[in-house]
Amino acid sequence: MIAELGLAALWLAAALAVLQLVGGALALRGGTESELAALTRPAAVLQGGLVALSFAMLLWVFAITDLSVKLVAMNSHSAKPLIFKLSGAWGNHEGSMLLWVTVMALAGALIAGIERRLPERTMQATLAAQGFVALGFYAFLLLSSNPFERLPQPAAEGLGLNPLLQDIGLAFHPPTLYIGYVGLSVAFSFAVGALITREVTPAFARAMRPWILGAWVFLTLGLVAGSYWAYYELGWGGYWFWDPVENAALMPWLAATALLHSAGVLASRDALRVWTIMLGVVAFSMSMLGTFLVRSGVLTSVHAFAVDPERGSFILLLLTLYIGGALLLFALRAGAISEGERFSVASREGALVVNNVMLSAILAVVLLGTLYPLLTEAFDVRVSVGPPYFNPVGAIFAFPMLAVMAVGPLLRWRRDSWGRISKELALVAAMLLAGIVLFAVLGEIALLPLLGLAFAVALAVASFLPLKGRRLKRVPIATWGMITAHFGIAVMLFGMASEGAFSQERLAALEEGGTTSVGPWAVRLEAVEPVAGPNWTALAGRLTVRHRDGDPQAIAPQSRNFWAPPQQTTESVLVTRWNGQLYAVMGGSSTDGRWQVRLWWKPFVTLIWYGGLLIALGGVLALVGRVRSDLKHRYISRRITERREERETA
Amino acid sequence: MRDLLALLAIVLAVPLAAQGSAPPAPYAYRQLDDPDQEAVARELMHTLRCIRCQSQSIADSDAPMAGDMRHQVRIRIAAGEEPEAVRRWLMARYGDYVSYEPVMSATTWPLFAIPPILALLAGLIVWRRLRRRA
């Protein structure tokens, strides 16, 4: 009954998406006064409620482990802790697609409910576009991935969830990432809406910006969380693998970052109109492409859940329809939208154009490296494109971008001169050179980490330069957001470069009582003990670790065996100090009765994720700042009209 | 006849299954004594693909296959072979797929041609946009 309720809610929501599409389209033809047009907003809001209800029903059947529902029987197990039963609801293909449409419908409901700044015609077009996109995903869910399908006979016990996914990270990583991914659908619909009505104005960019910021913050958090998850769960100390699935999430982030900056230019200066619209289309296209790559089974990985070619072709069809349609519309309409205001090389806009072009080039490189192996595989040639390709090729564009990022915020809008900021330029350049020399003397470091360390130091200083000569209390919150985010980039870069330059590894085979060392740590294996959990057994290595002359600490990394389904995982232990992390992993036993212990000392590795959090925090500050100043403007203009009316009546 | 084939399949599968549980090769989980050689081996291992896994280098994987390949890399580096020679040896055995560093060939040239074109294009866009006076 519960499952049927969820399914019914989903069908109703799909029907409302049709209404939203038709209502919006009629409003565009017959003017916004038509009766159907009045239904567009309520349809979007109600749709959000219905899909949320449907998702709640799915959580319910997972919570009670209703084994007559096929999805539960295939992916859950009665012995799992409740939190993993719930997170298991989106740890599979159908559930995660339902999560996708839930986020999409809620985003649609949110714009319908609170967005009042857009001209009504553009708003109608936007909602129609949102309904149109949602409709495709409803169709996909209802026709080929029904999460509420019943079994003819209830199963006796569930098959369980992939142990790698039985982790608290899974409770947060997919929802966060999806809010970011699908939140970009709002930017997409805005862009399509503005293309239809040809109203690409600074007001439009100001309306769109908070939505981009919101999605971007979640996308950032999702990437950071996913990276940390891979780092501690996979047990080899790597935090980014250039795996196609990771790239699938990185590409929308790159596009959204570019979009964020170009929407800023459009909002403040009425320039870069066409470019902003283009990026709006590209960002969500990358989200959909990512979904296709991950969900279609083109790639097999922990994210792919089940491989089904029929679903792959369905998503490919949706992809072609939406991306192709949007690009066609763009091609037809782009000529009708003028370029907007002009500006000179040495200006804030100039720097932002460089930033945008570089981000797009990095996006193109990642796209190329991700899709190319798939392309050659179609011709039976298998090639691998990995870190040795992405790192240097990406760096060609990343470092110039970082250099511009350091000085761009110091420039004035429209027209400025390099001479005015020559002192700051000299300071940043000097920091950079000093950094390169210092780190080169410090030890033998490969070129990329060396540049990374030097750029990180220079950038960290440069990110605070916009504050120079300003009264701190009067600096707008949004500016603090920019400073925080740019500083976050520097912090993250330092973490990555330091991990690359200074990491130390020790693989040791130890007897009980044996000792080894890694970097500044002395490590002793005290004993190996069996441990049992609710659905696994493990061997835990009791280790005593000691940093230089510090106090010894006891840690116990495990090698776990799950039985439903049977799989082995490593539970690494991380010992965090201010200046880095000790990473300890328990391996198997070797033939001579000794135990494999893997150890890493990674100086400043935690800065990677702290930097990521700072970047997200910067986004939050910018969002708060923009929304606050917007509310203030609205309040002031309302007061002005009230005054005028009072005066007129008096 | 079909039963016989099934039986044959099982018999043939036994050694394969046994292979999975064989003890790992000595240098799968053991470092070389010379830290310089180990560093060279490590750098090489990070650029070789574990062909049984999804998107992991042999330096990042618990798969037995990756362990065997690490062993091969380490003993060959210890024997004084150049890293690129080891890479070529592995590629000869497992195909180009095993190397994360794509080699320029008739099928992979776009990977190398497109980034410079992108750089030119990026330069052109920036130049064209910014050349026009404010």
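The axis of a helix is a line fitted to its C-alpha atoms over the stretch in contact, and the angle between two axes runs from 0 to 180 degrees between their N-to-C directions. The axes of helix 8 (residues 202-233) of chain A and helix 9 (residues 244-269) of chain A come within 9 Å and cross at roughly 150°. Angles over 145 degrees count as roughly antiparallel, and therefore helix 8 of chain A and helix 9 of chain A are described as roughly antiparallel to each other. Their crossing is left-handed. The residues of this contact divide into 19 nonpolar, four polar and two charged.

The next subject is the meeting of the two chains. Here 42 residues of chain A are in contact with 35 residues of chain B. On the side of chain A that touches chain B, at least two residues each are supplied by helix 12 (348-378), helix 13 (387-407) and strand 1 (504-510) of chain A. Helix 12 of chain A provides the largest share, eleven residues. By type, this side of chain A comprises 25 nonpolar, eleven polar and six charged residues.

Finally, confidence must be considered. For the complex, the predictor gives an ipTM of 0.80 and a pTM of 0.90. Chain B has an average pLDDT of 79, and 78% of its residues score at least 70. Within chain B, confidence is highest in helix 4 (residues 83-94), at a mean of 92, and lowest in helix 1 (residues 2-20), at 43. Residues 1-21 of chain B have a pLDDT below 50, and this stretch has one contact in the model beyond near neighbours in sequence. Where pLDDT is low, the predicted coordinates should not be read in detail.

How values were computed
Residues numbered from 1 in each chain as written. Chains lettered and ligands numbered in written order. Predicted model: local features only at pLDDT ≥ 70, side-chain atom pairs only at ≥ 80, totals over all residues. Contact = placed C-beta atoms within 7 Å. Helix = DSSP H or I, 4+ residues; strand = E, 2+ residues; numbered from the N terminus. Nonpolar A, V, L, I, M, F, W, Y, C, P; charged D, E, K, R; others polar. pLDDT = per-residue confidence, 0-100. Parallel < 35°, antiparallel > 145°, perpendicular 65-115°, else oblique. Left-handed = near helix turned anticlockwise from the far one by under 90°.
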